[in-house]
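Which parts of the surface carry charge, and how do some of the strands pair?

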Amino acid sequence: MKVAFLTLGCKVNYYETERMMEQFQELGFDIVDFNESADVYIVNTCTVTNMADRKSRQMLHRAKKKNPDSLVVAVGCYVESGGEKLKEDSAVDAFFSNKDKEHMAERFVEHFQLEFREAGAGHRHVHHERTRAYLKIQDGCNQFCTYCMIPYVRGRGKLASMPEEEVVERVTELAERGYQEVVLTGIHLSSYGVDRSQAHNFLELEGKPLLSVIRKVSEIAHIQRIRLGSLEPRIITESFVQELVKMDKVCPHFHLSLQSGCDTVLQRMNRHYTSEEYAEKVALLRRFYERPAVTTDVIVGFPGESEEEFEQTREFLRRIEFSDLHIFPYSPRTGTRAAAMPNQVTPEEKKRRSDLLIADTEEYQKKYGSYFLGKQEKVLFEEVVNGAKGQYLVGHNERYVKIGVPLDEAEKKGYGENEIHEVTVENLSIFPAL
């Protein structure tokens, strides 16, 4: 049987899809592209916004249209949040929770009462297009921000960390399969180790369990780069960064969750820091790292956000000078405290504010990219793409700046995909096209 997968949402979902693909291949299924005709379509869904819910439904219906006789399966957060009402959707043949992902192939076979024999030790691993592998080492979140459904659909606030020895085993397997870069990620990565200790929260641990597992991964041969998923700003302390900077394989690329640059909005969101405290964390990273990439997420139009509060956020973003921003209009999620808050911002106003911040982000990206002009940068090349002036071999440097070399030039120099080469950055003109 042919099975196709589609992933929506966060990096954790992408990792979990890869694990599910491996499970199905071990049972003898053929993995095909989602755009091809398949016997089974599995959509790893997202529910972080109303738009994510809509996208999940659209992709499930699109799969059924591709092959009306296929089995269409929804798995993940959209299933967790939708409950029994989802079963009214005739386009979907089965629903599986986040917990089912760990043994998804077995659950699938049991549900549809199918008979398959395992492909055996000689089966081939799933071929991945990316040269960057994601490993989820932590699950669950107990922060309960007022706008977020994730603690409810990911373990109901319970935390779970992958044991160090298993992390090392998994990354070693990835290295043996040719990956040179690994991203350690989680639903609340900063809480790694809380469930395996006597601590009540991640602050008590001072990031020591996370540092320990990063250190073990950095010792694995053939892994050249380690990136970290989204970090809680409060984990960034002087002692934490002092230890992190000693590990040369850790990329100076940090995604620190922000959501708003206005303290009153942060309070309504139940975020546990102020804008000034956040700024201090960024300054700390910049003290230990030369021009680190600092990226973040921002929610605009949170309930009650006034024009003055929005402008405070906008000014804060200008002050920090992020290398990149991800802008999200606030989306009310039924069951969260924020959904019942007064003074909901209109969709039109949320769009206007989003557009302003997106325009600002383009300026931040250009300013940060200009820093690398004339510099020698180590690029892990990933793929060939069509750029503004032809084809390019494209990859990222350690700070996650996209860099391309004209394909003919790359071929002359012997550059190939999944290889690291040092190149001189000559201009920024191709960046927008890539």
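The paragraphs below take up the surface charge and then the strands.

This is a predicted model, in which local features need pLDDT of at least 70 and side-chain atom pairs count only at pLDDT 80 or more, while totals for chains, interfaces and linings use all residues. Residues are numbered from 1 along each chain as its sequence is written, and side-chain values use heavy atoms, with hydrogens and water left out.

On the surface, K55, R62, K65 and K66 gather in a patch of positive charge. Such patches are made of residues with over 30% relative accessible area and no salt bridge, like charges being joined within 9 Å; a salt bridge is a side-chain nitrogen of Lys or Arg within 4 Å of a carboxyl oxygen of Asp or Glu. K65 lies in helix α2 (residues 50-66). K65 has a relative accessible area of 72% and is therefore exposed (exposed means over 50%, buried under 20%, partly exposed in between, with a 1.4 Å probe and protein chains only).

A patch of negative charge is formed by E165, E169, E173 and E176. E176 belongs to helix α6 (residues 164-176) and, at 65% relative accessibility, is exposed.

Strand β8 (residues 181-186) pairs with β9 in the parallel sense over four bridges, where pairing requires at least two DSSP bridges between the strands. L184 stands opposite L228 in β9. From strand β9 (residues 225-228), R225 and R227 point one way and I226 and L228 the other, and all are buried. In a regular strand the side chains alternate between the two faces of the sheet.

Strands β14 (residues 390-396) and β15 (residues 402-406) pair in the antiparallel sense over five bridges, with G395 opposite I403 in β15. The two strands β14 and β15 form a hairpin with five residues between them, and Y400 in the turn has a positive phi of about 65°.

How values were computed. Patches are made of residues with over 30% relative accessible area and no salt bridge: like charges are joined within 9 Å, nonpolar side chains (Val, Leu, Ile, Met, Phe, Trp, Tyr) within 5 Å. Accessible areas come from the Shrake-Rupley method with a 1.4 Å probe; for residues, only the protein chains shown count as cover. Lys and Arg count as positive and Asp and Glu as negative; His and the chain ends are not counted. The place of a charge is taken as NZ of Lys, CZ of Arg, CG of Asp or CD of Glu.
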